[in-house]
Amino acid sequence: MSERKVLNKYYPPDFDPAKIPKLKLPKDRQYVVRLMAPFNMRCKTCGEYIYKGKKFNARKETVQNEVYLGLPIFRFYIKCTRCLAEITFKTDPENTDYTMEHGATRNFQAEKLLEEEEKRMQKEREEEELNNPMKVLENRTKDSKLEMEVLENLQELKELNQRQANVDFEAMLKQYKEYEEEQKRKEQEEDEQEIKAMLEQAQNRRLLVDSDSDEEPAKSGTKPEARIKPTDILQEDSQPQSKKLKTESWERSVGKLNTKSQLARLVTVRKQKPGPALGNGTENQGTTANTGSFPTATGTTSSLSLLGTYSDSEDSTSD
C-alpha cells in the first residue's frame, strides 16, 4: 500500500530528462491573476468610478518589444464593474508606477502632471544652454537674483524670530498682573466711597426725621399715650365675653326683667275709683313697671295680681 503523502518519487534507472517533450507555448500568452486597482480611475463608457484597492480577476501578459533596463513590462486587462467595458493599464518601472492605456481616465493626477511638466522644462533649458552661451548668462543672472531674494526673506524671518526671542513673557505677565491689581484696588476704593456717601445720606435723613418728630409733640402739646401691655389686650377681650356669657345664662334661667314690651303685654290695669288707698297703689305700679323691681308688701290687690300673672308667664317661658 502506497503512502498518502508522497515525498519521494520513483525514477527508473533508464530515466533521461532530455527525452521529455517540451511544451511550445506562445510568448505573449495570458495568465489570470488576482489584483487590486493601483489608482483611482473613471470608466469612459459609463462614468463609473473605480477606487484604488478594488479587487479584480485580471488577465496579465508581457508587452512585446518594451523593456526597461532588462525588466519586462506587463499589461493588465480588467472589466468595469458596471458596464463590463475593458480597461487596460501597464507597469512603469522607470517611475515605479502604473500608466493608463485606454478604457478609463486616471483621477487625482495633478501632482504627477506637475512633476512631469517641471522635468520637461528642465530638459528644454539644458538643451538651450548647450547651443546658446548668452542664454546661459541670462539664466545665471536670474538665478542669482532669485537667490538674493530668498536670502533677504530668510534674513527677515531670522530678525523676526530674534524679536520674538527677546520678548520677556514673564515680565509681560507680571506687568499684566500689576495692572489687574491696580484696577481692583481702584474699584474697591470707589465702592468704599459710594458706601460712605450712602451712609452719610441715611444718617442725615434719620436726623431730619428725628428733629421733625421732636417738634410735632412740642407744637401739639399733647401728652404721649401710655404704653399698653400686651396682656391688657387679652384682659379687655376676655372681660366683655365673660359679661356676655353671664347675662345670657341669667336671661335663659330668669328672663329679661328690663324689657318693657313684655311687661306691658302682661299687665292689665283695672279701672277703679280714685281714692287715697288706690292712688298709692297705682303709684307703686308705675314705679314697678318703670324700674323693673318687685313691689313691697304694702301694695294693693292690683299689684298682687300683677305678680301672679308675671310668675305664670315666667313658668311658661322656663318650660
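1. Helices in this note are DSSP runs (H or I) of at least four residues, numbered from the N terminus. The structure is a predicted model. On that basis, Leu-151 belongs to helix 2, which covers residues 133-166.

2. Leu-151 has a relative accessibility of 52% and therefore counts as exposed, the threshold being over 50%. Together with Met-148, Leu-154 and Leu-157, Leu-151 makes a nonpolar surface patch of about 400 Å².

3. Turning to the aromatic residues, the structure holds 5 aromatic pairs. In one of these pairs, the ring centres of Phe-39 and Phe-89 are 6.0 Å apart and the planes stand at 70°, so the arrangement is edge-to-face. Phe-39 is located in the loop between strand 1 (31-36) and strand 2 (41-43), whereas Phe-89 is part of strand 6 (residues 86-92); the pair therefore ties together parts that are 50 residues apart in sequence.

4. Are the two members of this pair, Phe-39 and Phe-89, buried or exposed? Phe-39 counts as buried, with a relative accessibility of 3%. Phe-89 also counts as buried, with a value of 1%.

5. Arg-59 is placed over the face of Tyr-77, at 4.7 Å from the ring centre. Lys-60 is placed over the face of Phe-74, at 4.8 Å from the centre of that ring.

How values were computed. Residues numbered from 1 in each chain as written. Predicted model: local features only at pLDDT ≥ 70, side-chain atom pairs only at ≥ 80, totals over all residues. Heavy atoms only, no water. Phe/Tyr/Trp six-rings, centres within 6.5 Å; stacked < 30°, edge-to-face > 60°. Helix = DSSP H or I, 4+ residues; strand = E, 2+ residues; numbered from the N terminus. Buried < 20%, exposed > 50% of the residue type's maximum accessible area, 1.4 Å probe, protein only. Lys NZ or Arg CZ within 6 Å of the ring centre and 35° of its normal. Patch = residues over 30% accessible without salt bridge, like charges linked within 9 Å, V, L, I, M, F, W, Y side chains within 5 Å. Areas by Shrake-Rupley, 256 points an atom, 1.4 Å probe, with all protein chains shown as cover. Salt bridge = Lys/Arg side-chain N within 4 Å of Asp/Glu carboxyl O.
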